[in-house]
Amino acid sequence: MDEVGLDRELRIRRALEHLRNNTTDQLEHQSVFTAAEHTDPERARQERELIFARVPTIVCHSSEIPQPYDWRTMQLPRNKVIVARQPDGSVKTFVNLCRHRGGLLEEDNHLGCGRARLFSCPYHRWSYNVDGSLRTVTRETTFGEIDKSQHGLIELPTEERHGFVWVVDSARGSIDVSAWLGPDMDSILAGYRLDELVCARSEGFDEPVNWKVMQDAFLDGYHIAYAHPNTAAKHIHTNLMAFEDFGRHCRFVTPRKTIDQWIDSDPPADLSLVSHVTETQFLGPCHTLLKQPDHYQLLTFRPDPVQPGRSWMEMRLIVTPQERSGMTEARWTQLWDKNWEILLAVLHQEDFPLLRLSQAAMGSADGGDMILGRNEVANLVFHRETRRLLAAADHEVSPPLPALSAGVAAPARTTGTPVRS
């Protein structure tokens, strides 16, 4: 077993100790927050400008634009964009706006997609090459001379890494995904080899809920038994995590109930327990990546461009390509269709109704402060890093991280309180 695999097995066994002791990893302090953080328009504006305009976020899996001239449209917190695969295989992202009179080049229907060698404005038929350069000014002899090199589409910083396309939502920004991830998370994602997988299903959801309320819900192992008693709670343990804090990001292992067979006896030292857990990464500032035994799920949460009480969530199912899966096309399709239907049912029937009510409740003027517990470890990291970014100067956004970040250690079996390592 290599070092990465051994590290994972040790973390799983730490989670098994928690299960035996009815404990979980904890951080040292609780954290207080207010409803205004989820309802105030000025706070929402600051988040768009000081978070999403400065740090990279994932806009799609590479397999969603596999060939040259493939493109996708989407609404980011600050810009409507077109993400386009270039003839040389690279990816560029452009503001979806004609430089003539501001026409929308491609229909903006969230996760719209297509394939084209040029983008043409439906208003006056100005056109742009796939690299964003201005190609045609219609009736140019009467329009008058312009410098076409200065009137191409506005480009946003873009980088393809670990099978994802990352974008900084500001033309004034710069991008370095490796630096943003830091050595720990960059290594973790490299080990997953997500670039060898495909996005089998994806969908977006426009919800009347602040993006942070949404993100919090999908980092939370504390609510499972109560919000999902007949679905997730049948398979996943509640309030039980083996956690690692990487600064801007974190990772935690949550045991599935199939691990219960080892509560009363230790599993063989050489037995892998990977199939008995879900391994979750919080990728700051707005992603939850879940490693399941046979696939990955990527959840993305973006603020609305205007309203603090709205957000856009994307869910992606990332799997082994059919041709390498050992399954027929029909079986492969059936498997992931069924998996997708289960995920959608939980979202629409359980998660979204609960979160809409939470957002509505935060509209109360006198609700008082709210509190995150020491056991809500990933949520504490999310809130901590959101606040850090809002307060950070530009040169402090991605401070260097140590090659080995501090985690949280499980207690000995006779100890009731976990401690930080």
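1. A cavity is a set of points, on a 1 Å grid over the protein atoms alone, where a 1.4 Å probe fits but cannot get out; its volume is the space filled by probe spheres set on the points, which are joined across faces, edges and corners.

2. This is a predicted model, in which local features need pLDDT of at least 70 and side-chain atom pairs count only at pLDDT 80 or more, while totals for chains, interfaces and linings use all residues. Residues are numbered from 1 along each chain, and side-chain values use heavy atoms, without hydrogens and water.

3. Among the residues lining the second largest cavity are W180, R248, F282 and F382; lining residues have an atom within 4 Å of a point. Helix 9 (residues 377–391) gives the largest share of this lining, 5 residues; a helix is a DSSP run of H or I with at least four residues, and a strand is a run of E with at least two.

4. The largest cavity has a volume of about 70 Å³. Of its 13 lining residues, G221, Y222, N239, M241 and N375 lie nearest its centre.

5. H276 lies in the loop between strand 15 (249–255) and strand 16 (277–283). H276 is buried, with a relative accessible area of 12%; buried means under 20%, with a 1.4 Å probe and protein chains only.

6. Leaving aside neighbours within four places in sequence, H276 is in contact (heavy atoms within 4.5 Å) with P255, R256, T258, I259, Q261 and W262.

Conventions. Buried means under 20% relative accessible area, exposed over 50%, partly exposed in between (1.4 Å probe, protein chains only). On a 1 Å grid over the protein atoms alone, a cavity is a set of points where a 1.4 Å probe fits but cannot get out, and a pocket is an open set with protein on both sides within 12 Å along at least five of seven lines; lining residues have an atom within 4 Å of a point.
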